[in-house]
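Q: Please take a close look at one part of this structure, the aromatic side chains, and then go on to what surrounds them and to the chain contact.

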Amino acid sequence: MPVKLLMGNEAIGLGAIHAGVNFVSGYPGTPSTEVLETIAKNNDGSIHVEWSTNEKAALEAAAGAAYAGARALVTMKQVGLNVASDPLMTLSYIGVEGGLVIVVADDPGPISSQTEQDTRNFAQFAKVPILDPASPGEAYGMVQDAFELSEKHQTPVIVRPTTRVSHACGTIKTRGGFADCGADFKNAELDDDDASWPKHVPSGFVKDTQRWVVFPRTSFLNHGKVERRAADIAAEYSHGYRPNRIEISGLNHREGMQAFTEHAQDRFPLGIACGGVSYHYVMEALDILGLHVPVLKIGMTYPFPAQLADTFLDAVDTALCVEELDPCIERELILRCGTRATHRFIRGKLDGTFAFAGEQSVEAICAALSELAEGAIDVAGAEANGKRSSASVSHPAPELPPRPPVLCAGCPHRASFYAVKRAVGKQRAVFCGDIGCYTLGNAAPLDMVDTCLCMGADITVAQGIKAVEPDTLAFSFIGDSTFFASGITGVINAVYNKHDIIVCILDNSTTAMTGHQPHPGTGHTMMGIDGAAMSIPRILDAIGVDYVTVNPLDLHAAQTAVREAIAKTGVRAIIFKSPCIYVEPPKHLPANFDIDSCIDCRACIKQIGCPALIVEDKHVAVDASLCYGCELCCQICPTDALTRGGAR
Amino acid sequence: MSKSLNCIICGVGGQGNVLASRLIAQVLLSRNEHVKTAETIGMAQRGGSVASHVRGGRPQSPLVPKGHADTLIAFEPGEAVRCIDYLAPGGTIIVNTQASQPPTAALHDIEYDGSEALNYLRKLPDANVIEVDGSRICEEAGSAKALNIVLLAAAVKNEALGISREELEEAIRERVKPAYHEMNLRAVELVFSEDV
């Protein structure tokens with residue numbers, strides 16, 4: 001089939017395969033996760049694919065593979081790059097032999113992240129080239145371009161999709177060029193369905209201490225090299241690299257170039273500079289408004305294609321910069337104006353035309369253009385088309401019910417939080433949470449997450465709070481995948497420095513939040529070769545932590561375990577072990593409800609907030625389509641109106 | 001050049017609206033036409049709001065701009081209202097009349113039956129509102145999971161998507177697991193044989 005509907009992350013994964021990638025590592029994180037999963041799914045066995053314990057491990061392993069001449073790909077979300085920043089900063093100086101491409105997915109909004117950090121800044125900080133795809137189709141080509149760039153200039157290269165690229169789907173031709181973006185496609189003879197693709201053969205690791213061993217003296221020399229490398233790449237990619245280009249909206253490439261050249265002398269009143277998915281928002285807004293405007297599309301933000309930008313700036317009076325997250329392109333244009341003493345107006349986020357936070361949109365661009373248009377550009381015929389919203393109806397919309405994310409019916413985390421809450425009672429306590437489904441434990445009625453900072457910080461933040469407030473019981477909550485990713489060092493710190501905390505490990509045997517990836521505690525690997533599951537108890541034993549393992553769905557046992565832990569001091573742990581409801585099929589039938597025994601105290605609803613407990617005809621009821629049969633509510637009901645459904 | 005299509009399918013997580021968007025995309029793909037899709041999903045587990053955008057023709061953005069959706073397929077009345085700003089003047093709304101309770105309804109004593117939302121939709125001056133008793137048709141088809149197909153079929157029947165019944169059925173055979181073909185095709189048949 002010539003055309004496929006691919007999600008951006010699938011396109012990136014297939015692009016890497018078609019580039020002959022040999023080694024793939026990463027750590028799950030929305031919106032990046034499907035890249036590595038796509039490669040694992042399409043692996044013919046010749047590619048090493050792994051979920052590493054965290055992003056730092058992933059990047060370092062991939063660096064090793066690239067030292068040995070392999071083509072290596074690393075995947076993570078934007079905050080994952082913070083974890084991998086230590087190897088990245090130095091790897092930029094050291095360089096690579098085989099191509100090393102780091103896919104870092106940014107999350108404007110943010111939709112499912114802690115920050116709206118912009119990886120384009122990180123690339124500039126680390127002096128590593130970054131490609132910024134505008135669509136799934138362009139991402140497919142860019143990941144292949146990135147390998148070539150990486151090998152040619154012996155540098156790691158970042159490819160930075162955003163949520164609307166990673167998780168959007170588009171029709172993509174993977175044979176004979178692109179359907180939707182027109183970037184050059186290197187392996188034009190290939191089809192996705194074709195199981196064979198040109199394999200890259202690693203050259204092997206060649207010992208060279210001058211090259212591979214970092215020392216202050218070599219770093220001084222490398223710093224100069226890295227800056228020259230950036231200048232070379234900027235010049236090389238300013239012209240002839242299609243993702244970096246000038247076009248005119250509404251005109252095809254040739255017409256656009258002709259019109260641009262003809263009018264450049266007189267200058268256009270307005271031009272737009274943009275990158276990433278904002279490029280498509282811009283083109284749609286200009287289409288809606290019927291405007292023909294020069295558009296500078298930036299596909300590589302670092303090193304910045306300055307010569308191309310200069311050509312654009314020379315031809316416009318005002319440049320409106322449209323991008324998400326930080327005003328990276330905007331700052332570069334301002335820099336060009338200063339460097340060349342060019343008198344131009346640069347509009348965007350810095351002057352308040354666009355908001356700093358949140359996603360960019362066609363609507364916001366239309367609004368900005370309409371405002372700028374007063375005098376500057378002609379918006380004849382634009383008005384009707386630009387404001388088609390039928391929201392301006394005469395009657396107000398009714399209030400809608402909020403639909404907040406909640407822990408699933410039957411989620412063992414609910415039971416773990418509830419057991420701790422009951423056992424603590426009125427004692428003074430702080431509950432330090434972490435990243436994962438269990439962050440949702442903060443919602444009513446559990447209200448069991450007081451802090452959440454970053455991966456692994458539950459354990460360490462608890463230590464600091466307890467040291468300052470000795471009369472507070474300090475609990476930390478961490479999932480099994482997060483424990484392996486970055487929890488263990490925190491536990492070692494606690495034991496070494498004699499802190500006094502209770503570590504609650506919520507072991508649901510998977511990485512649930514990102515879609516159930518395996519981790520060291522499961523023993524499953526992405527190569528299909530399973531080994532022994534790594535034991536959290538044995539790790540705690542080795543560190544010297546006093547621990548107990550309990551099934552959180554046995555409320556009495558779980559509460560007893562917490563009470564016993566409270567009675568002790570030092571670093572002690574409770575492993576709440578019960579699988580995620582998506583990992584194991586339900587063992588029990590839905591809970592039974594007997595209306596005659598119910599005294600309508602609503603303790604079940606008010607205390608655990610399970611979505612399967614509903615109110616029907618003004619009394620409690622069990623939604624059997626949602627109930628997993630965890631039987632937590634049956635252990636709370638004071639009159640046995642809720643009883644166990646029994647084995648399936 | 002292929003005709004443009006701008007459709008939003010909205011509902012709550014777990015109702016199968018992403019599959020519905022994939023089926024429309026599959027039809028366009030079979031015709032060798034361009035299509036872009038995207039979902040707006042929060043940090044949602046089951047029960048959160050989900051809106052799928054499907055665009056045909058030569059779309060730029062993967063998301064339909066506000067005021068540009070020709071068709072809004074809503075799996076429940078409140079979610080139709082939540083997405084109403086996307087509807088173009090004269091656009092069509094296919095709405096399932098049964099409300100979905102928010103997961104926190106019992107906890108926060110939220111009384112919601114969707115009737116206010118339906119009344120609001122009915123009074124929209126510039127929209128073609130088609131109400132579908134999805135639960136009843138699903139019951140006849142033999143599974144609550146057929147809701148996405150029931151609503152898609154209703155949209156097809158009312159010529160809101162520019163695709164034919166045969167194309168929808170073909171897409172079901174192409175994209176849905178074989179074990180569910182019969183039930184889903186029965187749902188299509190029920191929609192077409194009834195006064196929907």
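Q: Are F431(A) and F477(A) buried or exposed?

A: Both F431(A) and F477(A) are buried, where buried means under 20% relative accessible area, exposed over 50% and partly exposed in between, with a 1.4 Å probe and protein chains only. This is a predicted model, in which local features need pLDDT of at least 70, side-chain atom pairs count only at pLDDT 80 or more, and totals for chains, interfaces and linings use all residues. Residues are numbered from 1 along each chain as its sequence is written, chains are lettered from A and ligands numbered from 1 in the order in which they are written, and side-chain values use heavy atoms, with hydrogens and water left out.

Over all chains, the structure holds nine aromatic pairs. Rings of Phe, Tyr and Trp (its six-membered ring) pair if their centres lie within 6.5 Å; planes under 30 degrees apart count as stacked, over 60 as edge-to-face and the rest as tilted. In one of the pairs, the ring centres of Y237(A) and Y241(A) are 4.9 Å apart and the planes stand at 75°, so this pair is edge-to-face. Y237(A) and Y241(A) are buried. For F431(A) and F477(A) the centres are 6.3 Å apart and the planes are at 50°, so the pair is tilted. This pair links distant parts of the chain, with F431(A) in strand 15 (residues 429–432) and F477(A) in strand 16 (residues 473–479) of chain A, 46 residues apart; strands (E, at least two residues) and helices (H or I, at least four) are DSSP runs numbered from the N terminus. Ring pairs also join F431(A) and F477(A) with F417(A) and F475(A) in a cluster.

Charged groups meet rings as well. K297(A) lies over the face of Y279(A), 5.7 Å from the ring centre, and the charged end of R165(B) sits over the ring of F192(B), 4.8 Å from its centre. The rule asks for NZ of Lys or CZ of Arg within 6 Å of the ring centre and within 35 degrees of the ring normal.

Next, the chain contact. Contact (heavy atoms within 4.5 Å) takes in 60 residues from chain B and 52 residues from chain A. Three salt bridges are found across this interface, each a side-chain nitrogen of Lys or Arg within 4 Å of a carboxyl oxygen of Asp or Glu. R403(A) forms a salt bridge with E79(B), with the closest N and O atoms 2.7 Å apart. On the side of chain B that touches chain A, strand 2 of chain B gives the largest share, seven residues.
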